[in-house]
Amino acid sequence: MKAFASRKRGRPRKSQDVGPDRGTPEQQVKRFALVGAAQSELASYPLGILLARQIISQDQHNAGCDYARLYRLVIGRTSSNSTGGSEATDEDVERAQNQFDVLRKALVAAGRRQQDAVANVAVFERLPGWLVRARRGVVRPSDGREAEALLMGLTALLNAFGRGGKKM
């Protein structure tokens, strides 16, 4: 009986790796193809990819992220995005509703194409088709208009936030 007690059962322990998990080599190559030498965290969402490729500015990126946060809070009625995981109070929702109304009016004034482009990229996190086609070397005549619509929509949001992209 004593001979069996000295053996450890189960799977042998693995040596502890130092540092964060960087993913598989294939994932690393894909991230590098999306954002280059920029921070790999930016590859996880479309606005980050556009920022890393210097297609949009930091202020436009922040305005798009803020719009998405407000959209989720007001339309999606989620509470964990802006309040740190606790329930959103009625005051928080009302303040977010007022801010969201201002931003939505700015996008409506910019145009339907701009509104759709911003919602698709910022809120629904869809990578723009023109960006995917540009990576493949395929260009459609409408790609320039779609890219311009996104930039104009993000600029409209930025202007609605105030001068220099400061938050409300």
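**Entry 1**

I began with Asp 92, which comes out as partly exposed at 22% relative accessibility. The model is a predicted one, and I read each entry here with that in mind. The cut-off for buried is under 20%, so Asp 92, at 22%, falls in the partly exposed class.

Next I looked up the partner of Asp 92. Asp 92 makes a salt bridge with Arg 95, and their closest N and O atoms are 3.3 Å apart. I checked Arg 95 as well: its relative accessibility is 45%, and that counts as partly exposed.

Where do Asp 92 and Arg 95 sit? Both are in helix α5, which covers residues 90–110. They are 3 residues apart there, so about one helical turn separates them.

**Entry 2: Glu 125 and Arg 72**

I then turned to a second pair. The side chains of Glu 125 and Arg 72 form a salt bridge, with 3.6 Å from N to O. Glu 125 is in the loop between α6 (112–123) and α7 (129–136), while Arg 72 belongs to helix α4 (residues 58–74). The two are 53 residues apart in sequence, so this pair ties together separate parts of the chain.

I noted the accessibility of both ends. Glu 125 is partly exposed at 42%, and Arg 72 is partly exposed at 26%.

**Entry 3: Glu 146 and Arg 140**

Which residue does Glu 146 pair with? I found a salt bridge to Arg 140, with the closest N and O atoms 3.4 Å apart. This pair belongs to a network: salt bridges with shared partners join Arg 133, Arg 140, Asp 143 and Glu 146.

For accessibility I wrote down 26% for Glu 146, which is partly exposed. Arg 140 has 39% and is also classed as partly exposed.

**Entry 4: the count**

How many salt bridges are there? I noted a count of 7 for the model. Among them are the Asp 92 pair with Arg 95, the Glu 125 pair with Arg 72 and the Glu 146 pair with Arg 140.

**Entry 5: a patch of positive charge**

Last, I looked at charges on the surface. Lys 30, Arg 53, Arg 135 and Arg 136 gather there in a patch of positive charge.

I followed up Arg 136. It lies in helix α7. Is Arg 136 buried or exposed? Its relative accessible area is 66%. The cut-off for exposed is over 50%, so Arg 136 is exposed.

Notes
Residues are numbered from 1 along each chain as its sequence is written. This is a predicted model: local features need pLDDT of at least 70, side-chain atom pairs count only at pLDDT 80 or more; totals for chains, interfaces and linings use all residues. Side-chain values use heavy atoms; hydrogens and water are left out. A salt bridge is a side-chain nitrogen of Lys or Arg within 4 Å of a carboxyl oxygen of Asp or Glu. Helices (H or I, at least four residues) and strands (E, at least two) are DSSP runs, numbered from the N terminus. Buried means under 20% relative accessible area, exposed over 50%, partly exposed in between (1.4 Å probe, protein chains only). Patches are made of residues with over 30% relative accessible area and no salt bridge: like charges are joined within 9 Å, nonpolar side chains (Val, Leu, Ile, Met, Phe, Trp, Tyr) within 5 Å. Accessible areas come from the Shrake-Rupley method with a 1.4 Å probe; for residues, only the protein chains shown count as cover. Lys and Arg count as positive and Asp and Glu as negative; His and the chain ends are not counted. The place of a charge is taken as NZ of Lys, CZ of Arg, CG of Asp or CD of Glu.
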